[in-house]
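Trainee: Could you walk me through reading a few features of a model?
Mentor: Gladly, let's look at it together.

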Amino acid sequence: MEIDETSRKILRLLQRESPLLTHEEIAEQIDVSASTVSNRLQELRDAEILEGFQPEINYETAGIPHQILFVCSAPIQERRELANEAIEIPGVVHVREMLGGTSNLHVEVVCIDTPRVEEVAEELTGPDW
């Protein structure tokens, strides 16, 4: 699919502003109709250019004050398996595998209290890590 200027503007807005903008808000900002925005979003989804909308959560406002990024080192051949194990740990909300280097596994954790942060840290430094 060829991406034209209107679709580019929509994608930029979604990245920059928020994936939670309404079609009407997007339309107003790029000077097209809401139905054009709806149609373009569907075309972008159908072409698998737009894969989903991820809300951005303010964990502190939600009463979850600890948001920590653990930067881990994993052997390349074990990285995928460790990432899959990490995402199953309660409190882990996102895992990103990096292509190379020693800091190649980023694990985002949210917790209500410090003891739980310490428990997650212990799980991430256990015998399999």
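Trainee: Is Cys111 buried or exposed?

Mentor: Cys111 counts as buried, because its relative accessibility is 3%; buried means under 20% relative accessible area, exposed over 50%, partly exposed in between (1.4 Å probe, protein chains only). Keep in mind that this is a predicted model, where local features need pLDDT of at least 70, side-chain atom pairs count only at pLDDT 80 or more, and totals for chains, interfaces and linings use all residues. Residues are numbered from 1 along each chain as its sequence is written, and side-chain values use heavy atoms, with hydrogens and water left out.

Trainee: How many disulfides are there?

Mentor: A disulfide is a covalent bond between the sulfur atoms of two cysteines. With a disulfide taken as a pair of cysteine sulfur atoms within 2.5 Å, the count is zero. The closest cysteine sulfur to that of Cys111 belongs to Cys72, 14 Å away, so it is too far for a bond. Cys72 is buried too, at 10% relative accessibility.

Trainee: What does Asn104 touch?

Mentor: Setting aside residues up to four places away in sequence, Asn104 touches Cys72, Ser73, Ala74, Ile76, Arg79, Arg96, Glu97 and Met98, where contact means heavy atoms within 4.5 Å. Asn104 sits in the loop between β2 (92-97) and β3 (105-111); strands are DSSP runs (E, at least two residues), numbered from the N terminus, and helices are H or I runs of at least four. At 0% relative accessibility, Asn104 counts as buried.
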